[in-house]
Amino acid sequence: VSEQALLLELVEPVEGVEPDWDDALRRAGFRARHFPRRPPAERPHRRTVRRLLVLAVLLLATALTISALAADRPHSVVYWLFDRSPETYPQLQVPTLGRWHDEQRAGFGPLVKTDHGLEPRIMTVPVLEGEVAGHRFEMETFLTNLLNPNRPPDLVVGFNPGGPAKPYYGTDIPAAAGGGFGFPVYGLPRAFPERHLHWVGWSLLVPGPIESGGGTGPKWLSGPAASNVRRVDLVSGDGSVVSVPTFPGPSSIGVSVRLWVAALRLDRLVQTIVPRDANGKALEHWHLDIAQ
Amino acid sequence: VEDADSTLATLEQVYRTQFKAFLNTAMAYLGDSEAALDAVQEGVAIAIRQRRSFRGEGTLEAWLWRIVVNSIRTQYRERARRPSSVDVPDEEVGDGVPEPESRDEVRAAVRRLPERQRLILFLRFYADMDYATIAEVAEVREGTVGASLNAAQATLRSLFEEVRS
């Protein structure tokens, strides 16, 4: 028996244990969409009672809220969502970012007719992974006239909570992120002319189901910004502000665009967006007709 | 700021490729698969949280190893402070079939090695590391690695001779 063999025999092989990166991330405090915090199991009747109570409270609160807001702003629609998580989000949200790099994504636009039938459209686009307020995300930013073939190329900003999506059905390529286009922003290409240009564009994304008792967030606000915008302030109805710095878009698209992203509680309703330049000067106060 | 997430991606790669070696080393230290897995996962979680402190001095692999090894040693010491659990891992290893006496003796001898020698021995045999990497992980000079290995092997060799005779 060699020394090495004897030493190796001292360690029983651990069978069936595979690396669990998600577990490591959870232990590290990551709470992205695909790391849901599961509440402890409750007895069914307690759960039912709780749901009924939550539903009653929800109905009452919704009625009161809509009434109050409708009285205040008769021509506006307001989304009101409850956030049942205890999570709070920092007021200054500085994202941690990877590097822009080109990757294939699948599922852009309608399916493409081929000899083999309908297939998803696959494109190579600049993607960026990042994390803000402890939540991972992926952005895609590119120019295309895929959506409006007779128009000039438009800027598309795709956003995927939790990082790259799962492979698009029928492929082994991550699905394209959902997002926005046609942003009426100074200096950015756009397929359609707009009367009123802004210094930023925005998209709202609320991932996952919103149940009767509310969701657990975060909801995401993100978008492009003109090249001189360095910070975006998101002002809620109660006057509180979440500030996010802008960061450079991909240089490969040949357009000087900056981007921003914020992770918010579901019940934080943003009513005004204030883009600021490098000196902190407010470039505009964009009052949204619909609180986000 | 930009490097933090690429560090995270690289950390994941290193974690996946080194996972078995991490687990083997943790098993050698702790002798209990559950505790070993917990120590490894905790170590990796610490590395994820502290990834911004990685300054590129040395390899990310060695940096991660250092943190995982520290986590394993911390857990070992915590278990050692609990009298009832000190010897449990070794006794519980296996499927209940009595261990050959010689293995118990070897285990006991390994446990009696000075901690640094034991760590270096484990990294050499269970993680299959070369001397330079062991030196980086154990934060010792390369010469110390050779000396510690020689000393540990000499101690064990004399025991093996006894076992053989």
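1. Ala133(A) counts as partly exposed, at 23% relative accessibility. The classes are these: buried is under 20% relative accessible area, exposed is over 50%, and partly exposed lies in between (1.4 Å probe, protein chains only). Ala133(A) sits in the loop between strand S5 (122–132) and strand S6 (135–144) of chain A. Its phi is near 50 degrees, a positive value in a residue other than glycine. Helices here are DSSP runs of H or I with at least four residues; strands are runs of E with at least two; both are numbered from the N terminus.

2. A word on the basis. This is a predicted model, in which local features need pLDDT of at least 70, side-chain atom pairs count only at pLDDT 80 or more, and totals for chains, interfaces and linings use all residues. Residues are numbered from 1 along each chain as its sequence is written, chains are lettered from A and ligands numbered from 1 in the order in which they are written, and side-chain values use heavy atoms, with hydrogens and water left out.

3. Look next at a sheet in chain A. Two strands count as paired if DSSP finds at least two bridges between them.

4. Now the pairings inside that sheet. S11(A) (residues 231–236) and S15(A) (residues 270–276) pair in the antiparallel sense over 6 bridges. Ser236(A) stands opposite Val270(A) in S15(A). S11(A) and S12(A) also run antiparallel, joined by 5 bridges. There, Val235(A) stands opposite Val241(A) in S12(A). S11(A) and S12(A) form a hairpin with 4 residues between them. Gly239(A), in the turn, has a positive phi of about 90 degrees. In a regular strand, side chains alternate between the two faces of the sheet.

5. Chain A has another open sheet of 4 strands. The order is S9-S10-S14-S13, and the pairing is antiparallel. Strand S9 (203–205) and strand S13 (247–248) are the edge strands, and each pairs on one side only. S13(A) is joined to strand S14 (residues 258–264) by 2 bridges, and the two run antiparallel. Arg258(A) in S14(A) is the bridge partner of Pro248(A).

6. Turn to chain B. Its secondary structure comes to 8 helices and 0 strands. Of its 165 residues, 50% are buried. Chain B exposes about 8200 Å², with carbon and sulfur atoms supplying 45% of it. Such areas come from the Shrake-Rupley method with a 1.4 Å probe; for residues, only the protein chains shown count as cover. Among contacts in chain B with a separation of 6 or more, 66% join residues 24 or more positions apart. A contact means heavy atoms within 4.5 Å.

7. Aromatic pairs deserve a look. Rings of Phe, Tyr and Trp (its six-membered ring) pair if their centres lie within 6.5 Å; planes under 30 degrees apart count as stacked, over 60 as edge-to-face and the rest as tilted. By this rule there are 13 aromatic pairs over all chains. One of them is Phe22(B) with Trp65(B), edge-to-face at 4.5 Å centre to centre and 70 degrees between the planes. This pair links distant parts of the chain: Phe22(B) is in helix H1 (residues 2–30), Trp65(B) in helix H3 (residues 60–81), 43 residues apart. Phe22(B) is buried at 0% relative accessible area, and Trp65(B) is buried at 0% too. Phe54(B) and Trp63(B) form a tilted pair, at 5.4 Å centre to centre and 55 degrees between the planes. Trp63(B) counts as buried, at 9% relative accessibility.

8. Thr25(B) is also found in helix H1 of chain B. Thr25(B) is buried, with a relative accessible area of 1%. Leaving aside neighbours within four places in sequence, its contacts include Trp65(B), Phe122(B) and Tyr126(B). Phe122(B) and Tyr126(B) form one aromatic cluster with Tyr29(B) and Tyr76(B).

9. Last, the stretch around H7(B). Asp128(B) lies in the loop between helix H6 (115–125) and helix H7 (131–138) of chain B. Asp128(B) has a positive phi near 55 degrees, and is not a glycine. Asp128(B) is exposed, with a relative accessible area of 64%. H7(B) has buried residues, among them Ile134(B) and Val137(B). Just after H7(B), Glu139(B) takes a positive phi of about 55 degrees.
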